[in-house]
Number of protein chains: 2
Amino acid sequence: MNTGHHEASWRLPESDPYAHVDLKHYVRLARTAELGTFDSLFLADGPQLWGNLAQRPAGALEPLTLLTALATATEHIGLIATASTSYNSPYNLARKLASLDIISGGRAGWNIVTTAGAEAARNFGLSEEPPHAERYTRAAEFLDVALKLWDSWEDDAIVADKAAGVWGDDGKIHPPRHQGTYFSVAGALNVPRTPQGYPLLAQAGSSEDGKAFAARYAEAVFTAQQTIENAQAFYADLKSRTSRTGRDPGHIKVLPGIVPVLGSTEAEARAAEQVLEDHIVYDHGVARLESLLQLPSGTLELDAQLPDDLPPESAVEGAKSRYTLVVELARRERLTVRQLIGRLGGGRGHLTFAGTPEQVADQIETWFTRGAADGFNIMPAVLPSGLDAFVEHVVPLLRARGLFRNEYGPRQTLRERYGLPRPVNQYLSPSFV
Amino acid sequence: MNTGHHEASWRLPESDPYAHVDLKHYVRLARTAELGTFDSLFLADGPQLWGNLAQRPAGALEPLTLLTALATATEHIGLIATASTSYNSPYNLARKLASLDIISGGRAGWNIVTTAGAEAARNFGLSEEPPHAERYTRAAEFLDVALKLWDSWEDDAIVADKAAGVWGDDGKIHPPRHQGTYFSVAGALNVPRTPQGYPLLAQAGSSEDGKAFAARYAEAVFTAQQTIENAQAFYADLKSRTSRTGRDPGHIKVLPGIVPVLGSTEAEARAAEQVLEDHIVYDHGVARLESLLQLPSGTLELDAQLPDDLPPESAVEGAKSRYTLVVELARRERLTVRQLIGRLGGGRGHLTFAGTPEQVADQIETWFTRGAADGFNIMPAVLPSGLDAFVEHVVPLLRARGLFRNEYGPRQTLRERYGLPRPVNQYLSPSFV
């Protein structure tokens, strides 16, 4: 969000460099997305100040706070906030997400992240980030605690018998009394069970640990894929992993990111893309690429290809799958560092696609009908104009082809809109003793 | 808030027993408070499920989340959220409060609490609450870290030079690099400096530790006082302590809570109060009073006075000043346990006052003009009707007497409305090397 997913978007004449801290900007985007009958708004996040201020807008409104403000400015759209299992307490986060689900009438989602990087760790009392696998072990326990807390009130725990002076039924409260490796949480939650039972669970890690976690918990998965073949393989793998955990593979929705750059002709779209590339400050791009690839500063040369001797993904801590995607992209297309930065500048690994509305609609249709995606995370290169253009020109094509809804149905929760069932309370299920 | 500050208010025919989880209820209250040109809305909080569900509405929307939703539904009113220094990380809480300050245009406030009680501790990995003094030591370090984070961006750190491709000035970012007893936080915050610099700092503990903390940090102090003499002594003590820390005593506002029960005649007001008392379930009241006084269950008898051999405040962990207030109230007025529960049922220690609008206005004027208060926390026994009545009948009297504003001035921050200066950034002050 903010001025767009292209790193240089803030430099365009149309862009407001303060947009990322302006509620009005986000309200406008959210309302446009509702005009386009989008399922949801998704905000990424990390609890640290990224990179240098010089290079691009930094600092932002905290996602749960911002989405709560947007809840009252919108009616239908889902609100998916990123929050870290490494740097939150389950009780605090479960409360806030439950509160947002109630306030929004069942539109809350949680993008579960484990948060890579030492910068974040150092804001929370650690000197280095915990190892990748440990972060995921903690995440799994975090989820177990959060799910218990969200189920700690039965749906009908509130009796409201004024005459008898009995407000609630304490027999329908189930304190988790969780004692684990990372957390000890007595409970119960101090928020009643919410419209959705609990927020839609989303996830965005595509590493081995990430996919295993998604198969077990996630209902929506954000992913960066550069080719349809890779996307199909990822899709099939995730559905199969989900089946193997005993879940319905239809209950996990795979949502690749795409960065559309629209023009009324292909040439016009390419020109718009070129304008953006011309605004990239390559020195910053080199520094960021070195950081992603965990290389010493000064390793990369702008007009050379990546070094041959990069370590394998297994040796990398942090954003593992993004590492592999970037290295594969550079190798596959024999890109120089300069060209690679140009490609990444648009979507930092998400597929940038410059073209006409028909071409973008074609690509979406192809990926959707050929088992590469259940939906898409639309990440316009420039905002708000890129979202305006998508809603005005691409959405009608998708509707005409019968691929997308014409209007929102009667008041639905986010989970209902995704075609997912409301979760059964674990304390009521037959397996609970 | 919810159905009112009287514990039995939810049983009245007019009350909605689901009000505490209904955003519309809070929007209505907030807008009524804006009609009454109130300074701010204040939400108390504890991160645990209080008491038994049977006795009264439990569970609530998390205050920061709820107030953020209200930020977009209101224009002028301040939004003061309670949050705990014992059970939050400074980085997370500083971000959320900064985000709310930006979203609300400078209307955020933080009621700083250390959170008494083992119930809360057990939701955050502890088996018992930390000792009172230790909680305050941690709170002071929490504040120091939060203040550094809020100052970590200078006001003009954003340059937004599109032509040069320079968005921000990294020289105007000051990472706290804090290494302390309880926290280690590298920083900087990932939110720019906010309209108020940082949220208005409020506090509500009246113990010795609490008053020392307030003198050092607080700009507004909520307090429960049963007599004007006690209120005057508290007021004078707090102003004097504040002076002794080197601060301007005018920059700490003392705000006793009052629980008005209005009637068009005094008899009508008393009758309304009696209806509320008739709805109290005394068994629950006894259990709660035993818990507050830290007595074994079954100690108290409804129609006897409190035991003579209660321990002194210094021996009590938890809500120290509330303990003393309750014991003194019972002794001073020779109340039976039943009478004491009736008195506390209205405001749990805050002064309940049943009378005509003129009588309530007189009381407010007396306390205000005689050095007992800089303002008041109005806590109607029944909501929303009690707030409606206060705004309709008492506010006009206060305005006519020149004690209260007739309308909001031009767009002001909460701190401006309290007559407080915007904080100077500590990294720019002459004492910062």
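**Reasoning about burial, ring pairs and the A–B interface**

Tutor: In this predicted model, A:Y91 has a relative accessibility of 0% and therefore counts as buried.

Student: What makes 0% relative accessibility enough for A:Y91 to count as buried?

Tutor: Buried means under 20% relative accessible area, and A:Y91, at 0%, therefore counts as buried.

Student: Why is the pair of A:Y91 and B:F124 called edge-to-face?

Tutor: Two rings pair if their centres lie within 6.5 Å, and planes over 60 degrees apart count as edge-to-face; the centres of A:Y91 and B:F124 are 5.7 Å apart and their planes stand at 65°, so the pair is edge-to-face. This pair crosses between chains, running from A:Y91 in helix 3 (residues 90–103) of chain A to B:F124 in the loop between helix 4 (118–121) and helix 5 (132–150) of chain B.

Student: Is B:F124, at 17% relative accessibility, to be called buried or exposed, and why?

Tutor: The cut-off for buried is under 20%, and B:F124 has 17%, so B:F124 counts as buried.

Student: What makes B:F38 and B:F390 an edge-to-face pair?

Tutor: The limits are centres within 6.5 Å and planes over 60 degrees apart; for B:F38 and B:F390 the values are 6.1 Å centre to centre and 80° between the planes, and the pair is therefore edge-to-face. The pair links distant parts of the chain, with B:F38 in the loop between helix 1 (23–35) and strand 1 (40–43) of chain B and B:F390 in helix 13 (residues 385–400) of chain B, 352 residues apart. With buried meaning under 20%, B:F38 counts as buried at 11% relative accessibility, and B:F390 is buried with a relative accessible area of 2%.

Student: How do you know that B:R95 forms a salt bridge with A:D45?

Tutor: The rule asks for a side-chain nitrogen of Lys or Arg within 4 Å of a carboxyl oxygen of Asp or Glu, and the closest N and O atoms of B:R95 and A:D45 are 2.7 Å apart, so the pair forms a salt bridge. Across the interface of chain B and chain A the rule finds four salt bridges, and also 41 residue pairs in polar contact.

Student: Which classes of residue make up the side of chain B that touches chain A?

Tutor: That side of chain B has 40 nonpolar, 21 polar and 11 charged residues, and its largest share, eight residues, comes from helix 3 of chain B.

Notes:
Residues are numbered from 1 along each chain as its sequence is written. Chains are lettered from A and ligands numbered from 1 in the order in which they are written. This is a predicted model: local features need pLDDT of at least 70, side-chain atom pairs count only at pLDDT 80 or more; totals for chains, interfaces and linings use all residues. Side-chain values use heavy atoms; hydrogens and water are left out. A polar contact is a pair of N or O atoms within 3.5 Å; within protein, one must be able to donate a hydrogen and the other to accept it, and residues adjacent in sequence count only if both atoms are side-chain atoms. Helices (H or I, at least four residues) and strands (E, at least two) are DSSP runs, numbered from the N terminus. Ala, Val, Leu, Ile, Met, Phe, Trp, Tyr, Cys and Pro count as nonpolar, Asp, Glu, Lys and Arg as charged, and the others, Gly among them, as polar. Rings of Phe, Tyr and Trp (its six-membered ring) pair if their centres lie within 6.5 Å; planes under 30 degrees apart count as stacked, over 60 as edge-to-face and the rest as tilted. Buried means under 20% relative accessible area, exposed over 50%, partly exposed in between (1.4 Å probe, protein chains only).
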